[in-house]
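Please examine the sequence and the structure shown below. The paragraphs that follow begin with a single residue and proceed to the whole chain.

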Amino acid sequence: MTIVISDLRRDSVSGGIETSVAVKIDGAQRRLTVRHEGNHPDLGLGTPTYDPFLLFLLIPAMARNMPIVVEGDIEAMRLAAMRTGLQSLLQSASDEWQMVGISADARISQRLPDLSKGSALGMSCGIDSLFAFQDLNGPETAPHMRVKLLLHNDIGAHPDRQSFARHTAHIQRFADEMALPLVTISADVMSLYGNRFIHSHTIRNAAAAMTLEDLFCNFHYAKGDTGGLSAKLGRGSGIGPMDPVLLPLLNTSANSYMSHCLHLGRLQKTAAVMHSDLARRYLTVCTHGFSDGRDKMNCGRCYKCARALFYADTEGMLNDYSALFDIDAFKSERTHLLLRMLRGSIGDRRSREERDALAYLLAADYPLPVWLRLFRPFVGRTTMRPNIPRITAT
Ligand SMILES: [Zn+2]
């Protein structure tokens, strides 16, 4: 059995642009379509390539142990990396992913980097992307590294379309205030992948960005994990630790892909971001959808909301976030949220970020129940460093 990718097309459709290929997989033929909508003046002008579609299909092919045939060309450097190093890295993360052959013509690219296009950044208004945005627009950033395009992707991370639409409207307000174009990228890749977005998020997001690589020079990916470059997929662990080595394998002569901010973990970024005015007005971390009709962007009780609000409470700024978060839900469920955080910090469900967040609460002067303090030796030390630089400018 083989996966065959063919018939690359780009069409203007109502409200946007659609780029698609025919995919023959598991004996069935379907079209894989990527839809772009947004206010970038050059949207739709670039030349579509098979490259992002090959990347979208790489993990599904490895999971099925099926070689890929592309009836077209792939940029030569990238094709070589996808045949060897990229698959080798991915294979090390999961025993269920096998290296597969890729048949495609190599395209010798004549493109040179256009530094004036600057950087593209995926923007969710979460901790990672707000930190990356503010960092990349800081005084020490070279002009060609500055963010000039914001992306927001619907590729399997959102619980439903309504949630994605509301999230997009929120990010559009942010983009408008920053006077930057925002392009949304939607692709129905759920049937190709398993349920765990964390197991393939880097590849999916890079493939989405690659569909627009005529519009940027650099792509910065803000999700990342510190403390090692090898990954083993698990219940709460994904391919993130490999981002710094995995993303540059997608580089061409004209475009660079990179993991932003290798030296700070989530807790450090939280500390840097949550004191800023931008975070107070835009921070969106929630994993829950909007189908329950709630009016705030953040539910206040999911594990990501809890981590952010416990930090805010430690710093005495919980009420600063009352417009964006359901603070009442957080307050009324605080004990339950702490129990869940403890569950995520020790034992078989141990998560690096949950553990670090709880270790910080235990180290800080935060009022915790006595029973929780008994677990301190099992939770361990916080990675929070003193004097973490805080971003306070808007
Ligand atoms: Zn939430």
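Alanine 80 is partly exposed, because 15 other C-beta atoms lie within 10 Å; a residue counts as buried with 20 or more other C-beta atoms within 10 Å of its own, as exposed with 12 or fewer, and as partly exposed in between, the C-beta atoms being placed from the backbone. This residue belongs to helix 2. Helices (H or I, at least four residues) and strands (E, at least two) are DSSP runs, numbered from the N terminus. Between alanine 80 and leucine 212 there are 21 Å in space, C-alpha to C-alpha, and 132 residues in sequence.

The model is a predicted one, in which local features need pLDDT of at least 70 and side-chain atom pairs count only at pLDDT 80 or more, whereas totals for chains, interfaces and linings use all residues. Residues are numbered from 1 along each chain as its sequence is written.

How are the strands arranged? An open sheet of 10 strands has the order 5-4-1-2-3-8-7-6-9-10, with mixed pairing; two strands pair if DSSP finds at least two bridges between them. Strand 5 (102-107) and strand 10 (256-259) are at the edges with a single partner strand each, so one side of each has no neighbour in the sheet. From one strand to the next, the twist averages 25°. Angles run from 0 to 180 degrees between N-to-C directions, and axes are lines fitted to C-alpha atoms, for helices over the stretch in contact.

Asparagine 218 is opposite serine 256 in strand 10. In a regular strand, side chains alternate between the two faces of the sheet. Strand 10 has Tyr257 and Ser259 on its covered face, and Ser256 and Met258 on its uncovered face.

The protein as a whole contains 15 helices and 10 strands. Of its 394 residues, 44% are buried. Its C-alpha trace spans about 65 × 45 × 40 Å along the principal axes.
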